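Here's a quick tour of the salt bridges in this structure. Have a look at the sequence and model first, then read on.

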Amino acid sequence: MTAAVATTCPYCGVGCGVSATATGPQSAEIIGDAQHPANRGRLCVKGSALGETLGLQGRLLHPLRRSADGDQQISWDQALDTVAGTFKRIAEDHGPDAVAFYVSGQLLTEDYYVANKLMKGYIGTANIDTNSRLCMSSAVAGHKRAFGEDVVPVDYADFDVADLIVLVGSNTAWCHPILFQRMLAAKQARPELQIVVIDPRRTASCEQADQHLPLRPGSDVWLFNGLLAYLHQHGVIDTRFVADHTAGAGAAVAAAEHSTGSLAHVARSCGLAEDALRRFYQSFARCERVVTVFSQGVNQSSSGSDKVNSIINCHLLTGRIGRPGMGPFSVTGQPNAMGGREVGGLCNQLAAHLDLEDAGHRTLVQDFWQSPRIAERPGLKAVDLFDAIHDGRVKAVWIIGTNPVVSLPNADKARAALQRCEFVVVSDVVRDTDTTRCAHILLPALAWGEKDGTVTNSERCVSRQRAFLPAPGEAQADWWALAQVGQRMGFGAAFDYQQPHQIFREHAQLSAHRQAEIPRQFNLAGLADLDAQAYAALQPLQWPYLSATAPVERPFANGRYSTADGRARLLPLLPRLPVNMANDEWPLVLNSGRLRDQWHTMTRTGRSPRLAGHRPEPELEIHPQDALMWGLRHGGLARISSRWGQCVVRVRTTTEQVRRQVFMAIHWNDQNASDARVGALVNPVVDPVSGEPEFKHTPVRVEPFFVDWYAFVLTRHALRIPRASDIAWWTAIQGEQFRRYELAGRGRIEDFSAWSRALLSAQAPDADWLEASDVAELQYRAAHLVEDRIESCVFISPRADDLPAREWLSGLFIQAPLQELDRISLLVGQPATPGADPGPQVCACFGVGRNTICAAIRAGTASVETLGAQLRCGTNCGSCVPELKALIAQTRSEVR
Ligand code: SF4
């Protein structure tokens, strides 16, 4: 075992510190870094399971040329020459706008910096956009309009002293769990702290909130315009602050009053009870220290930028910004969305928080880079970029560290665009993703644990991601591949980087360059001379960072903003409805988002059995009455259709879902499900200012997806599901020492035994087969044993409800040999001993199932604390605490 390495979690924008100790070439022990200010040693379940996601299974280890004839391994030299030569030729023949990069909020700042420099300063186009466009570009636009610069003016420590925390469009309990735990800890220390959740869905975050406002989707601007008017009418204004440090308050208040009218009218517009709305307005008015947290529920909208500014307006009118315990707080979804913003990773930004559309800023950057040119106008934003690829305006694209065939709206069109594109390069760590299937050249990238650089979290804290594992195969850092291409395109000296610290130092120098003339909050002047040793030892630090001795000043603490006149701007805003509304043809509104234990397209989290346990399958969440109305049943299958595409997933009925609204998670793709890419359904509507897509509001319709049989297979070996077969629907789930396949099909299976043996064809030919079938009932059960160890099992029934629960059977795969009693119970699918089936997983940290928890509650355990003391559930990361609370309430009401 080697020494522990301090690094940073690769998932969400909380940016937790991780201490990783390599235990082998592809394994490590992971714990939280107690020294890191973001998490002080805590990790959520995704962070704690990082060790389970390491390993080379499915890795892309060598450069490949991919064609219809198959993959051909090529050398890095061949790959880089091909990429550089093709990009150069296309840019010369068709102009620089005919090429593009599409990058990712998971890149390190150093990768991002080199990509942006190469595209904007050397190739000479701003056609570089990032998947961060999809999650927080509305926040960027809102910040720039209000503050003159994209600055988040709040720290995590502000939660510790706030009087009111408002969560808007943010299921913080699931998406930023460590921040949520910090809020709950603050509430425990100071019970007077109020938490209000504003969200159309009743999410896990609501379980511990003082108030939940289930507003109508898209009505946020009504709500915050109404609040602005209320604050104005009740004299809750910091007149000195407004007079000295802002502009536009009069027009903003007039627009708010004009657009909202009475409180009753606002409540109606938002679909809320008037009393509940008044209560929230009174709390906001009363509490000086208010932090308004917002994320994708606000940003991913056709009026996302206005929603952001409607929140900021309320903070500016009351002067609640730039001081402890208050401010508008955009929390980012990705680990380095903020770092990408620092280096100008979006197509309408320049590096170092400078403006692409300002000639003086362009000159500054070009002078600093000494580049032959500089992009003069914004490039194509993500959705427009893929449209341009589709219609042939963009002929070459390099996609780095992202999976747009899954994550973009109208995702089938994104796939078609790549399939018809002249030249597609994909840098990735995984060989087969929905996007790498469209590539002509595949470049193997370093993964988390192998790469070395920096990331910046939601509170502007720069941390190191350090390598603790050796680079496998021929994998290389993304910055290295980009720099190599830059050199081969003829820009040698500007891309002569040998080490990441050289890139970071240049980035820090640019941030400090000519600050006296063009002052920005983003400033890393204190790191402008960083050498390799200091970079290696760099501790987490927040910007603005002027020197090792100067205290870090809270942004805007002096009331001076980054606008030309130093004043923040309140904006007059008029509420707008989502572009596509539900109607008779498309009567339901689809909302999409994350699950507690998964991340993005599951290329990493999908490998962890522990993380798969909570919500193993893609599902449609729908209110029970809507399900009844549209002929769906809990556990059955539904086809969801929009004007743009279709999906087929399992139905989960839940009263947490408001009537006429449905929800699907974003994680599944063609590698792990037959038909569950939610991006294929999502309308390609974008915010006119930010270009961020409206992921939260797509009109859809649902209908039952009729099948003749349901089945599941648990097996130690991966199955190859035949494309043209009687299997009409499937999903694959990683288990502990097995894979689970949920299947459904059409037509009659004439010979169950032959069908099952064919499906499991290559597996264990000498296995013992235990079989039971009821031909009249069309039921079949089989288990295959090798030396008293279960190899696989198959259960088939015409009704999904008749299949046994999977949890107990799953547990048998980690037993060797099988106990006699378990062997007898195998085909029953249930343990002989009552109580031995833990049920679906609730606490992923300690693997505690729903049945176990409910049994304890029925036996008298009445609080989360006592459940924790008894079963350990909820005592580590705390992500399951909201669910435990809900289970206690539900089970106790059943008992009564
Ligand atoms: Fe990682 Fe969880 Fe921390 Fe986010 S909250 S950075 S996923 S450990």
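Predicted model: local features only at pLDDT ≥ 70, side-chain atom pairs only at ≥ 80, totals over all residues.

Residues are numbered from 1 along each chain as its sequence is written, and side-chain values use heavy atoms, with hydrogens and water left out.

**The overall count**
- The model has 58 salt bridges, each being a side-chain nitrogen of Lys or Arg within 4 Å of a carboxyl oxygen of Asp or Glu.
- Some join up: R201, R615, E619, E621 and R652 form a network of salt bridges.

**A buried pair**
- R341 and D150 pair up through their side chains, at 2.7 Å from N to O.
- R341 is in helix α15 (residues 337–342) and D150 is in the loop between α4 (137–147) and α5 (157–161), so this bridge ties together parts 191 residues apart in sequence. Helices (H or I, at least four residues) and strands (E, at least two) are DSSP runs, numbered from the N terminus.
- R341 is buried at 1% relative accessible area, and D150 is buried too, at 3%. Buried means under 20%, exposed over 50%, and partly exposed in between (1.4 Å probe, protein chains only).

**Partly exposed partners**
- E585 meets R701 at 4.0 Å, N to O.
- That pair links distant parts of the chain, 116 residues apart, with E585 in the loop between β20 (568–569) and β21 (588–593) and R701 in strand β26 (residues 698–704).
- E585 is partly exposed at 47%, as is R701 at 32%.
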